[in-house]
Amino acid sequence: MKVDLNNVNSSNSDISYRDNDDVTFDGGDDYADEDDVDEEDCEDDDDFEYLYEEEEDDYLAIQSQFDNVDLPTGVEASIDWLKEPATSTSGTGILTAADSSDGKRKSTILDVVETKRKATEGQGATTSCNSAATAESSSNSEPVGNNENVIIRKFKNFKQFDTVEDVSDHHFSKMDLSNKQSPNPKNWAKIIQEEWKILEKDLPDTISVRVYESRMDLLRAVIVGPAGTPYHDGLFVFDCLFPSTYPNTSPTVYYYSGGLRLNPNLYECGKVCLSLLGTWSGQQNEMWIPGTSTMLQVLVSIQALILNAKPFFNEPGHESSFQGKNGDRRSREYSENAFILSLKTMMYTIRRPPKYFEDYVIGHFHIRAHDILVACKAYLDGATVGTVTVRDGVAIIDEAERSGSDDFKVTLKKILNSIITNFTRFGEIDCEKFRVHD
């Protein structure tokens with residue numbers, strides 16, 4: 001099935017872009033969040049304001065704080081940017097479990113992933129919203145999954161489309177459907193099954209989907225950021241809901257932002273602004289068309305039209321208000337900051353991979369870590385964000401596109417070592433040569 005991108009709008013957001021200093025993350029296990037999106041909470045000032053994030057970012061510290069806090073599912077915890085906790089690496093560059101003050105071995109990210117996998121498969125204890133309990137349950141085990149061949153094999157065997165069971169961490173799993181049943185449940189179920197067939201057959205290589213046997217109305221997608229954009233090589237997680245009125249009305253989509261605003265169309269609160277979803281205005285042929293529009297079209301549109309090369313111009317009025325050199329400068333600055341926020345999102349996803357995508361996350365970043373760091377080095381050397389192509393470990397740069405700002409380089413230098421530490425957790429032994437030393 002061919003997807004007609006001309007049938008959708010770029011779906012510009014109606015709010016301005018700004019960074020948060022107070023970043024919030026879900027306090028529950030994995031991607032759990034039972035609160036509905038309140039669009040009014042997403043509103044922002046109308047004036048565009050560009051602010052660099054100049055504080056050193058460290059998701060290892062965020063996770064360390066999560067491991068010591070017991071929060072119920074759906075409660076958000078405000079986490080400050082903290083100093084990185086001590087870690088140790090083996091001679092091969094693979095992060096190993098450090099000893100804690102009480103003599104107990106601390107678990108690695110791969111230990112936690114394996115424990116959660118066993119819990120999902122019924123082979124271990126039920127996964128708790130307290131990540132400290134999960135870590136403790138695996139504290140006496142040896143590191144798992146560090147073998148490169150195992151990581152690659154699991155990644156290659158990962159199915160782009162699959163049906164799974166546990167919906168507990170899905171954003172819409174707690175919605176009360178008792179009064180929202182379809183007037184024709186059998187016909188509705190048949191339509192959803194047809195959507196599944198389309199997805200299974202026509203998903204592009206860079207989008208993966210999980211649907212649920214017990215809740216046909218739910219779907220989760222992980223989208224790879226396209227090459228040539230500030231989002232290249234990142235992983236972006238979306239939870240979707242087929243309403244009881246589907247396909248007469250569009251699906252609802254929630255974005256796991258981690259509290260970061262990296263695109264005018266993706267709100268901190270999870271709202272996805274897209275004409276196809278009815279969350280932004282557009283011409284009639286750009287809106288949801290019953291019997292024609294599909295979930296596949298929604299996912300491809302998010303990837304191609306929202307995660308694009310120049311997201312600054314997604315903002316309403318920017319294309320006409322910022323033209324020429326001024327527009328180019330503002331667009332470049334926005335893309336630089338979007339790349340920084342994309343790197344932060346990578347670290348959050350590495351630390352807390354969405355359920356049923358653990359092998360995919362580990363394999364993706366194991367394979368792409370080196371290319372991401374090569375691109376970072378090119379950006380530090382002045383290449384424009386999104387213009388670097390990495391071939392055989394070497395950055396191909398258009399010299400005419402060199403324009404990286406000094407503020408961006410300072411920020412990227414601060415975050416680079418944290419990225420390297422996270423990649424090293426998956427046994428990526430070539431990362432250390434990119435580490436920046438003062």
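**Cores and helices in a predicted model**

Colleague: In this predicted model, which residues of the largest nonpolar core touch the most other members?
Modeller: This core has 45 residues. Those touching the most other members are Phe-339, Leu-343, Phe-365, Leu-373, Tyr-379, Leu-412 and Phe-423.

Colleague: Which element gives the most to this core?
Modeller: Two or more residues come from each of strand S7 (218-224), strand S8 (235-241), helix H8 (324-351), helix H9 (358-380) and H10. The top contribution, 11 residues, is that of H9.

Colleague: What does Leu-412 touch, leaving out residues up to four places away in sequence?
Modeller: Leu-412 is one of the buried residues of H10. With those sequence neighbours left out, its contacts are Phe-339, Ile-340, Leu-343, Cys-376, Tyr-379 and Leu-380.

Colleague: How far apart are the end C-alpha atoms of H10, and where is its kink centred?
Modeller: Helix H10 (residues 406-424) has 19 residues, so at 1.5 Å a residue it should span 27 Å. The distance between its end C-alpha atoms agrees, at 27 Å.

Colleague: What covers the buried residues of H5?
Modeller: The buried residues of H5 are Trp-188, Ala-189, Ile-192, Glu-195, Trp-196, Leu-199 and Asp-202. The cover over them includes strand S5 (161-164), strand S6 (207-212), S7 and helix H6 (295-306).

Methods:
Residues are numbered from 1 along each chain as its sequence is written. This is a predicted model: local features need pLDDT of at least 70, side-chain atom pairs count only at pLDDT 80 or more; totals for chains, interfaces and linings use all residues. Side-chain values use heavy atoms; hydrogens and water are left out. Helices (H or I, at least four residues) and strands (E, at least two) are DSSP runs, numbered from the N terminus. The expected span of a helix is 1.5 Å times one less than its number of residues. Buried means under 20% relative accessible area, exposed over 50%, partly exposed in between (1.4 Å probe, protein chains only). A nonpolar core is a set of buried Ala, Val, Leu, Ile, Met, Phe, Trp, Tyr and Cys residues joined through side-chain atoms within 4.5 Å. Contact means heavy atoms within 4.5 Å.
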